[in-house]
Every structure is written in C-alpha cells, then in structure tokens.
Amino acid sequence: MASRLTTFGNDLYTGKRSFNFVGGRRKWYAIAAVLIILSVLVPVFRGFNFGIEFRGGSQFLISNVAEATQEPAIDAVAEVVPDAVARVTIVGDDGVRVQTDQLEAAETREVTTALAEAYGVPESEITSSFVGASWGEDVTRQAIIGLIAFLLFAAVFMALYFRTWKMSAAAILSLFADLVVTAGIYAASGFEVSPAAMIGLLTILSYSLYDTVVVFDKIRENTSWEGDESRRTFPESVNLAVNQTLVRSINTSVVAALPVAAILFIGAFVLGADTLRDISLALLIGILVGTWSTVFIAAPMYSQFREGEPAIKRHDERVLKERDQAASTSEAPAEVGS
Amino acid sequence: MAAPSKRSSRPTTVKKAWRSLSWLGALIVALIAINTAGVLWAGGSWTPKLALDLEGGTQIILAPELAEGQSVTGEQLDQAVSILRQRVDASGVSEAEITTQGDRNIVVAIPGELDDETRQRIESSAKLELRPVILAGVASTETAEPTDEADEEATDEAEATETPEPTDASDFAWITDELQAEYDAFDCASIDEAEANRHPADEPLITCDTTNTFKYALGPVEVSGENITDATNGMVQSSSGVSTGTWAVNLRFDDQGTEDFAAVSTRLFGLEEPRNQFAFVLDGRIISAPSMNGIITDGRPQITGSFTQESSKALADQLKFGALPISFTVQSSDTISATLGSSQLQSGLIAGLIGLILVVIYTLFQYRALASVTIASLVVAGVITYLSITILSWYQGYRLSLAGVAALIVAIGFTADSFIVYFERVRDELRDGRALVGAVEAGWKRALRTVIASKTVNLLAAIVLFIFAVGSVRGFAFTLGLTTVIDVIVVILFTHPMLQLLAQTRFFSSGHPWSGLDPTALGAVYRGRAEFRKPAANVTKTKVASSSREAQRRQTIAERKAAELAAVGDTPSNEGKDS
C-alpha cells in the first residue's frame, strides 16, 4: 500500500521513530570537523586541477573523428609549433581535445588546418579557443565578490524572515561547511576546476540555503507554536522538526539530484561537453553535501545557539523535572509507544 | 473535477480554485498573444535564439588594459561597444552581438565563421590620442650626437625656471632632466606596446612612429580620439572645386573635439618646428604627425601629405575605428564549430528528457496519483518558460546557451521541490487527522510561506550571480532566476488550485490507496481535534475481518462491539464504512 518511505515518514512525524540529530551533535560536529580539515589539507598538498581558463592557453576540440587517437594531434601541433607541449585527451567516442600553451592567432589557424588534415575532418568540425591567463583571475575575483554579496544578502534576509539572527548564523556557518567540503572533494578527486564548475559551486549555495530555509521553517513552527506549553525540551523540538522534514529532505534532494545526474551522465560520458559536465558535477556534489549539512550541522548548531537563553533554559529544566516526577510516580511509561 | 451538482454546496475554495486557473489561462494566452504579435509584425520567432556555443561561431572577450588603480567607467565601456560595433559592421558581418559583461569586459559574439580581417579589426586594441609634439628626432641606435644639443637646450630652460609649471601642453617645461635622458637613450625597438597604451593621459610620452624612423617627445593628451566623429579619405580640392590629385584625410570632430582642437591649432600655428606638429597616437605609436598649417575652428581639419589612396584610406579607418576610449586586450577567444554546437544542444535536450523521466518515475513512486499534479505542473511550468524565453530572446536579445540549457534541466528538480514541500505539508495535516479538504487548505497556508521564503533565497542567488557573473554564468543565472519566478507562479496558480479541485473528487477525498493521500497509509491519528477520520490501522483489515467473523460466532452483540473496538486500537472511530 504505502511505500516504505511513506511509512518511514509517518513514524518520523509522530516521533515513533527518531534520529538523534541534535543530541548526537558532538559526533556530527566531529565528523564535519574531520571532513573540513581534510578538505583544507588536500588542496594544500595536492592542489586543484585548474582548467585551461586559469592557466591560460589554447584549446582545440575536434569532433566526429573516425579514429580517436592521440598521436596525430601531437604530430600536428609539433609540425606548426615545434616547442609547444600538447596535452591530448579523448572525449566521448569520437572527440579529441588538444590543449597547448598560448598560441598566436596565426598559429591557431595553422594548427587548426593541421589538425583537420591529421584527422581527416573538415575545419568546421574543429572548435578552437584561446584563453588569456588573466581570464581565470577575473572569474575568480568576480566569483568571490558574488559569494560575499550573496552571503550578506542571504544572511540579512534570513535574519529578517526568521526574526532571529541565530538561525541566520547557523545557516551561513553550515554553508561554509558545504563550500569547503565541496571544494575538498574537487581537490581530492582531481576534477578540473573551470569557470563552469565555479557557477555550479555558487548555485549550490542557493540550493543548500533553500534546503536549510525549508527545515528551519518547520523548526520555527515547532518551537514557537507550542511555546511554554510544550512537553518537549528545546533540543527535542528542534530534533522532531528535523525528523518530520527528513522525508521531504530526502525527496527533494533525490528529485533535484536526478536531472543533475542525467546532465552529468550525458555531459561526461556521452558527449564530453565541458560546460554541462562541470556545472552538473559541482551541483551534484553540492546537493548531497547541502542536504547533509542542513540536517547534521545547521539544525544542531541552531539548537545549541538557543539552548543557553535563560527562558529556554528554564523551560527545558521544568520539562525534564516534570518528566522525572512522572517516571518516579508511576512505573508505567509516560507515553504508550504503540 | 468537482461534480456540478455539488457546486452549490461546495465552499468558496472551488470558486477560488477556478479563479486562479483562469488567471493562469489568461497569463498563458497573453504570452502566446505577445509572441504571435512578435512573429507577425516584429521579426519574432517561435523558437528561442541560440547562443554561440549552441549555434557555432566565434566569441571574443575583451578586457581593458588598466594601469594600477585605474578603472573603467560605464560611459567608456558603452563608447567602446559602439565603436566595436562600427568596426564589425564595417566588415559586413551581420547579427554580431557586442555587449558589456560585468563592469569591465566586452563580449563580441559573431555567428558563423569569422574571417581574419574582421578578427583583426576587433582584436586591434586601438586607443587613439592626439598629443602635441615637443621634441622630434631621427631614431637611431647610436643615440649620442644629434640629441646633445637638444639636451643642453632643455636643461638650460629647466634650470632657468627652477621648478617649472608647464603652461600648456607644448611647453618645454614638460621635458624634465629625467625625461630628457630617457628621450636621448630611447630605442624605438624597445617600445612595449602594452605599456605605452597604459601611459597616463596627463603626462608626456616618448615614442616613435610606426616605421621606427623618427622618435618624438610628446606633451599630454589634448584631444581624445573618441572626439573624432568621422574620418574619410578623399581628393584634395582647390578653392574652385577642382581636384588637385593629391589624397587627404578629412576629419570631423564632435563639439568637445572642435573646441579643444580650435584651442590647440591656435596655439600651435606659428610655433617653430617641430612644435607645430600634432601627433595622432594609436596604441602608443604615432601614426601621423602633421604640422598645423592654419587655425582650424570648425572642427573639420584635413590632413595632407604624401598619401596614396590606400594609405589615406588606412589612416582614415584607423582614426575612425581606432578611437576606443581605452584599450582592450583579448582575454579569451572561442571558435565553436556549428556541428559541435548542435550536437551539444541535442545531448542537452536528451539529458533534460532523461532527468524529467527520472523525476516523473520517482514522484509516481512516492506520490501515486498525486504525481499527476506534479507532472501537469511541470508541463505548465515548461510551457510558460518556453514562451517567456522565446519572447525574451526576441524582445531583449536573450540567447539560450549551453549553461542556460543546464539551468533549465536543473530547474526541473528545483521546481518539483516546491510541490514536494507542499505535498508533504498536506500529508502532515492528514496525519494530524484533518479531512482532505481542510488538510489541503491548512497545508497550503504553511507551505506557501515556506515556498516563498526558500524561493526568495534562490532568486537572490540568481540575481547576485547575474550581476557579478562573468562568462557563461550569466546565462545560467538568468535562466535559473526566470524559472524560480515561474515556479512560484505555477505553484500558486496551478498546483494549489488543482489540488483544491482534486480534494473534492471521490477518488482523493475517500483516501483511495493509490491517491497518494491515503490517511491510513499516512498513519492518521486522532489528536483531539474536532475533525478526525480514521484510526491508525495497526492490524491489517483481513486480520480484523477474520477475527471478527470468528468472534461473531460465539459472542453477544455487546461483546462483539467491544472486541471490535479493542481490535482496532484504543482510539474511537465514528466512521466504520471502510472496514
């Protein structure tokens, strides 16, 4: 009848089943800390695999070749520019990508002609690009400005919407975890960092925050509506909210990840379309990491920020005391756990 | 849909739902009408225009060459764009697109193949300045002798006036000892083109002509090349209108240029050689340094000399098209073959289709019949998005790029997200024991707030990305922002009304197991509210049925009722029709 996930969702909603996201926060923080440290260390030792946009250089992409081999390209480049080092990669089934040092416009034309001859394709099948070394710097600078602007606006918006800066702070902090870990995965895996990958990275921010806003909305509802009457402590209310939205989190992440995975598959394996592959790879990693950080970092952190407040402290102490009394007066469990 | 007979008794929700749907219909009809009008009368099309990476062509990104601390103004960028447009148009290329990007770069996008000449026209960084000549001499690698004299002269003058404040741009006072030494030692071969271009306009400049035969020391810029509105070549005509057979370049200045040039020519006319010369400096090199033969106040000077038709044409072109307010270098240049472009579009569309199918399968699995609402909503969102993009590409020059296609595909998932937020809210309400109609309304109230808040974050990200973005990011950000807005419209005007209407149908309101809103499956529990429907079924129906049959045989009616109650748990039920 109902799918297993629905039943699972029911149990989470009623509190019959519950994952201790908030209570076990030391454990989650520790895991996050390890991931973050690794993500910082890996690039230090391995460095990022920066794309041609950051190194500067010339690139040729030959499509629809009969036989995708590397030698003709190396020979063709050497013929025109003897001292250039050509890096040749095969993309998809019938594509060859050649990267060289920066070439002059005239040399670019000659290499194009030589490559067309070498692979027996018309020149119109060859895509060439030339990127100055400062292009990557430009992209990076703009990306950093964009990042800072977005974080500022988002922080202000969330502080206004949730009417507490603590939610905003927790969301932004978990966002940093997303960024660092995604960057770490990039460095560790050796995926190429291109401007398109940076778009992906910035888009993740928006997705990760989106996810956080949805969960926080439920947290706010749970913690404010019941107010002082609540028979749960503050961390318990937060935890229940996270559990209640868990099925939603899973569903939205899966639904968001599926099309992205489709682009990645087509982009990386079938076609070798760089833009598609780079954007979707960063997005896919980011969607998964973003969901993780909302549940395991943002929510527990928000709870932690609020627990110290006097009103909440008083409430939590009272709830725990009443619970103790109830447990000692009757041996029967306070709640029937059917 | 609601049965008409029940309309009268139906609450206002049905009316509201139909009103929302009418608004949506009106919106779609309006979009179609706008597009039709565009196609019929204004050169619109039913398909969006494609960017170069999908269509094939060349894209060149130009970045300004800036000295430390220097920046480009929007005005300079706009001027540069219009000059580049002239250059490209002059080469007969149609449909070229020249735009600014971020606050400093210029993107030149040209569909189809690009010939070398046009490429050179675009790539030549050309910044034109008009500076007065102060010193001139023959360029020579053995510098010493001929410049000694000038050296003394200048040094004397400098000493005489102690710390001289130059009174005008031709004043010798510009030539300090240092500069004099630099001039003496200057070797034309050592000119660093890139550096010369960044030379400050308010300081003197030492440079050579394009053939490296003469070297010059020039005063500060007096007229900027951007003040030249036109330059043509033609035969010099005598006062009686008869052609003299010599070629000349005719300049025309704008108001500012006319004023500036009048002042300069008044001063220069009558000065001794070489200070009566006026140098046209293109990219830090002197392309021409004619002497002033009269006072010109009408802003229409004529440059004469030993021109041929070709050389006069070349100079006129340089003066006309070379007048960028600031010089640019090529930052990246991409030539994309048309076949690659179309195959990328094709695979992008295939990826989108696969993504869509996966999402549909997953939502069907999760939400059963309710998934039809998701699918229909996605279709509606798709139609509105397609129409919007087509209209924007006709009206605003939007072009669909590969990154834009990626954004559209990503948007499938992001759009479905908001439906999931809504559905899960409705399910939560059902779990709390509400009836479907009430659950839809209560769930909507809460979901709408969440959806708008979270979509605002998405939109914010898209706007920030769009403003600060470079390269293909813009197409991505714009498309993502557009789909976010459309998503919110669809949720409000389609998804919610559809659910309101479906809630009235028997299939959904009875909580059919396949409806995706089956209270039993959702574990609805009585929570002390006025409205509750069914208890949680801890025991399967067959078990209840068989045990009750077994019991019926040996129990009294009262016993039987008590047993039934016990079997289904300790929550009371007032609706036993389903069991």
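Trainee: What does A:E236 count as at 30% relative accessibility?
Mentor: A:E236 counts as partly exposed, because its 30% falls between buried (under 20% relative accessible area) and exposed (over 50%; 1.4 Å probe, protein chains only). This is a predicted model, where local features need pLDDT of at least 70, side-chain atom pairs count only at pLDDT 80 or more, and totals for chains, interfaces and linings use all residues. Residues are numbered from 1 along each chain as written, chains are lettered from A and ligands numbered from 1 in written order, and side-chain values use heavy atoms, without hydrogens or water.

Trainee: OK. Which residue forms a salt bridge with A:E236?
Mentor: A:R323 does, with the closest N and O atoms 2.9 Å apart. A salt bridge here is a side-chain nitrogen of Lys or Arg within 4 Å of a carboxyl oxygen of Asp or Glu.

Trainee: And where in the chain do A:R323 and A:E236 lie?
Mentor: In distant parts: A:R323 lies in helix α12 (residues 310–329) of chain A and A:E236 in helix α9 (residues 234–244) of chain A, 87 residues apart. Helices (H or I, at least four residues) and strands (E, at least two) are DSSP runs, numbered from the N terminus. A:R323 has a relative accessible area of 35%, so A:R323 is partly exposed.

Trainee: Why would such side chains pair up at all?
Mentor: Opposite charges can pair when the charged atoms of the side chains come close.

Trainee: Then A:E221 and A:K218: buried or exposed?
Mentor: Both are buried. They form a salt bridge at 3.5 Å between the closest N and O atoms, and both sit in helix α8 (residues 195–225) of chain A, 3 residues apart.

Trainee: Switching to chain B. How many helices and strands are there?
Mentor: Chain B has 17 helices and 13 strands. Of its 579 residues, 49% count as buried.

Trainee: Where is B:D209?
Mentor: In the loop between β5 (205–208) and β6 (214–218) of chain B. B:D209 has 11% relative accessibility and therefore counts as buried. Leaving out residues up to four places away in sequence, B:D209 touches B:F214, B:Y216, B:R285 and B:I286; contact means heavy atoms within 4.5 Å.

Trainee: Which element of chain B has the lowest mean pLDDT?
Mentor: Helix α5 (residues 144–160) of chain B, at 44, while helix α11 (residues 371–395) of chain B has the highest, at 92. pLDDT is the predictor's confidence in each residue, from 0 to 100. Chain B averages 77, and 79% of the residues score at least 70. Over residues 1–9 of chain B, pLDDT stays under 50, as it does over residues 568–579 of chain B.

Trainee: What does UniProt say about residues 372–395 of chain B?
Mentor: The unreviewed entry annotates that span as "transmembrane region"; UniProt positions use the numbering here, feature names are shortened, and annotations may be inferred rather than shown by experiment. In the model, residues 372–395 of chain B are 100% helix and 0% strand, with end C-alpha atoms 34 Å apart.
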